[in-house]
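Dear colleague,

Please find the structure below, followed by a short account of what was found in it.

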Amino acid sequence: MMFGQKKEDFQDWNRAFVQMIMSKGFMTGQDVYRGVKDICNSYQAHKNFPKIDTNSSDDIAEMIDIFMEKANLALEPIQLQISKTHEEMKAVSENPTYTQYYVMAPTYENESIAKLQKNYGEPELEWLKLVAGHLVETEDRMANQNELINLCRDGGNNTAKRKLNVTEADRAMTMFVEDGYLMKVRQSRKGFKLALGPRFMIEMEGWLKESYGEDMWQCGACDRVGMVGTQCTKRGCESRFHLYCVDRGNKDPKCSRCKTSLKIEGVASKRQ
């Protein structure tokens, strides 16, 4: 097989884990948990499989970490990596935590672009980039669906010289939401806005930095690019953090660099 590890080091259950995520491109943490539990149940009778309690959440969480480590070592030669991330803002504000995602992504930016080009047409990709640029420039990094669909009118600057019509843009929006490049953020019982999805933030991190460097920042906790977060108020520090990196239910979250208390609610949690 293509993976770069010795056969005895990379077992069938390791392959099953990689294939599970590769087949979908991205998965929620809950789906990965359920998938790994199924893999463990399928292989636990094998003599070389670790002895674990598949009903123990701690054991399954440990197996996820082991699978991740082995998978990324095996994927390195083919320039792929499975990354963990979270939604930058809660899709549903009442949720107690930020939804976790696992994303299979190329390790080089040009490969990320090439991957998208294989899966989507040029007009659709052009529209997605127009949407990303628009969202970067909005105050709260969100916009309503009609606002984004109408950006199709600015398209046509691609080799196909074709822009999407409104119906096609609506269809593209649905597709990119389903595929994790855009996400819906509920504003009320019936209303929602759209934001960049976790898959876009992982796969297109380099493109975001290159195209919108002044509007991007790196999280002081995880070093990944960020758009929505909170900023340390201490003069001379001013580190910035994803909300999901610091908003973990602590009553007094602190800056990991200077230990100053961080503001989670209000203006500081919006655009930084």
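The protein chain exposes about 14600 Å², of which carbon and sulfur atoms supply 44% (accessible areas by the Shrake-Rupley method with a 1.4 Å probe; for residues, only the protein chains shown count as cover). This is a predicted model, in which local features need pLDDT of at least 70 and side-chain atom pairs count only at pLDDT 80 or more, while totals for chains, interfaces and linings use all residues. Residues are numbered from 1 along each chain as its sequence is written, and side-chain values use heavy atoms, with hydrogens and water left out.

Of the 272 residues of the protein chain, 47% count as buried (under 20% relative accessible area; exposed means over 50%, partly exposed in between, with a 1.4 Å probe and protein chains only).

Helix H3 comprises residues 57–75 (helices are DSSP runs of H or I, at least four residues, and strands runs of E, at least two, numbered from the N terminus). Its buried residues include Ile60, Ile64, Phe67 and Leu75. Seen down the axis of H3, the buried residues fall within an arc of 160 degrees, so they line one face of the helix (the arc is that of the directions from the helix axis to the C-beta atoms). The face turned away from that side carries the exposed residues Asp58 and Glu69.

His242 is found in strand S9 and, at 1% relative accessibility, counts as buried. A polar atom of the His242 side chain lies 2.9 Å from the backbone oxygen of Val225.

With kind regards

Key:
Polar contact = N/O pair within 3.5 Å; in protein donor to acceptor, adjacent residues only side chain to side chain. Expected span 1.5 Å × (residues − 1).
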